[in-house]
Amino acid sequence: MAAFTVSSPSPAPLSLPKFSKFATSSHASALSLYSVSNSAFLFSSETLRYRPLPKNRRHSAVVFALKKLSETELVVVSFESEGLVPSDSGVYAIYDGNGDLQYVGITRNLSASILAHKKSVPELCSSVKVGVVEEPDKDALTEAWKTWLQEHIAATGKIPPGNESGNTTWVKKAPSKKSDLRLTPGRHVQLTVPLEDLIDRLVKENKVVAFIKGSRSAPMCGFSQRVVAILESQGVDYESVDVLDEEYNNGLRETLKKYSNWPTFPQVFLNGELVGGCDILTSMYEKGEVATLFKQ
Amino acid sequence: MATRTLCSRANRIQTQLQTALQATVLEVEDVSYQHAGHAAVRAMEGGVANETHFNVKIVSPKFEGLNLVRRHRMVYELLSGELQSGLHALSITAKTPAEAANCAT
């Protein structure tokens, strides 16, 4: 029996456990498992390691309870067929319109995962087989997943395309964050216009501008972080400027304080006007005003 | 001659705001210790978080008719001396007496 290790990094809110380096005796290629990224059914946060099964392990009973892939009924996936797939935890195998197995995954909510896949890659989700796993701890789910994959590979000699290492078709990617705006091309470049003019232009050319300490992906101050969190949570499209960046925004801190007549950071501008700092944004957020004001 | 301020910053803030705003409620809280790891604080002498971050809660009739930005600006202007001498951040709650009565504290 081939030995294999399965490991996963600890997931961030939108990232997933990844299992790699599944090598069978007939295949040297690596396999990957991606479960659907969704905070509603986030997979375990600990590193998973495959341990050899002791004879009395509970989940060997689970694996025996799981039907073989070939003996499991194929269900057509459609948005109307929600009732046909349970919301339990388990393993699933997705087939495309040609009846080819595309992907084997595990989840804590079969129905939700499969519907999500259907929305994301409808052309690959024609029908599905599901195997509910009783007592679904991460080991049991992984075992079920391996069992079905092994069965498929043994029968066809192929790894499902979606499970190949590096394949991200079935993974919901976290949206990449915008980068921060820079006021100048660099300290070494002589400015031809005063900094105030650059600020003025920036806040008037961009609908929402947040002057924060640090970058939007790594704010350096609790107040700035809160403002970023509020804007992001409301889905506001905004530009961010790092006032601590001495290379590209040299002198911004002092100049901006005079420009806005406001002594602290962060500062949020809408349509060229100062809305306020963290307190004001927080107060607006609590009143539910942020979305309406910033997303008109 | 030792230039020891007789008044702490909290006291000075309290006095300035009370007189100018005729506040019915005025609470000034020094929360500098909560920001002790802050870069600006570390740069200060001894790296001790000293009178750099404050929370102020003000209820004053003078805020009537002013939006939040203007209320906060009013407070900042009253404290401009402090802001230039080491006051780093101010968390402001500025309400009119009517608003304060509406909210349960």
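Student: Which residue takes a positive phi just after H6(A)?

Tutor: A:Asn261 does, with a phi of about 55°. Helices (H or I, at least four residues) and strands (E, at least two) are DSSP runs, numbered from the N terminus. A:Asn261 lies in the loop between H6 and E9 of chain A. A:Asn261 is not a glycine. Before we go on, note that this is a predicted model: local features need pLDDT of at least 70, side-chain atom pairs count only at pLDDT 80 or more, and totals for chains, interfaces and linings use all residues. Residues are numbered from 1 along each chain as its sequence is written, chains are lettered from A and ligands numbered from 1 in the order in which they are written, and side-chain values use heavy atoms, with hydrogens and water left out.

Student: Is A:Asn261 buried, partly exposed or exposed?

Tutor: Start with the cut-offs. Buried means under 20% relative accessible area, exposed over 50%, and partly exposed in between (1.4 Å probe, protein chains only). A:Asn261 counts as partly exposed because its relative accessibility is 44%.

Student: Which residue has a positive phi of about 50° although it is not a glycine?

Tutor: That is A:Asn271. The loop between E9 and strand E10 (273-276) of chain A holds A:Asn271. With a relative accessible area of 53%, A:Asn271 is exposed.

Student: Where is the cis peptide bond?

Tutor: Look between A:Phe265 and A:Pro266, where omega is about 10°. A:Pro266 sits in the loop between H6 and E9 of chain A.

Student: How do I read the buried side of a helix? Which residues of H6(A) are buried?

Tutor: List them, then look down the axis. In H6(A) they are A:Leu252, A:Thr255, A:Leu256 and A:Ser260. These buried residues fall within an arc of 115° seen down the axis, so they line one face of H6(A). The arc is that of the directions from the helix axis to the C-beta atoms.

Student: What do the buried residues of H6(A) pack against?

Tutor: They pack against H4, E7, E8, E9 and E10 of chain A, together with H3 of chain B. Contact means heavy atoms within 4.5 Å.

Student: Which residues of helix H4 of chain A are buried?

Tutor: H4 covers residues 195-205, and its buried residues are A:Leu195, A:Leu198, A:Ile199, A:Leu202 and A:Val203. They line one face of H4(A), because they fall within an arc of 125° down its axis. The face turned away from that buried side carries the exposed residues A:Lys204 and A:Glu205. The cover over the buried residues of H4(A) includes strand E7 (208-212), strand E8 (239-242), helix H6 (252-260) and strand E9 (267-270) of chain A.

Student: Which residues does A:Phe223 contact, leaving aside its neighbours within four places in sequence?

Tutor: A:Phe223 touches A:Phe265, A:Pro266, A:Cys278, B:His35, B:His53 and B:Ala89. A:Phe223 is in helix H5 of chain A. At 18% relative accessibility, A:Phe223 counts as buried.

Student: How do I describe two packed helices?

Tutor: Two packed helices are described by the angle between their axes and the distance between the axes. Axes are lines fitted to C-alpha atoms, for helices over the stretch in contact, and angles run from 0 to 180 degrees between N-to-C directions. Helix H7 (residues 278-286) of chain A and helix H3 (residues 68-78) of chain B pack at about 150°, with their axes 10 Å apart. That angle makes H7(A) roughly antiparallel to H3(B). Angles under 35 degrees count as roughly parallel, over 145 as roughly antiparallel, 65 to 115 as roughly perpendicular and the rest as oblique.

Student: Which residues make the contact of H7(A) and H3(B)?

Tutor: H7(A) brings A:Asp279, A:Ile280 and A:Ser283, while H3(B) brings B:Leu68, B:Val69 and B:His72. They divide into three nonpolar, two polar and one charged. Here Ala, Val, Leu, Ile, Met, Phe, Trp, Tyr, Cys and Pro count as nonpolar, Asp, Glu, Lys and Arg as charged, and the others, Gly among them, as polar.

Student: At what angle do H1(B) and H3(B) pack?

Tutor: Helix H1 (residues 9-21) of chain B meets H3(B) at about 125°, with the axes 10 Å apart. H1(B) and H3(B) are therefore oblique to each other.
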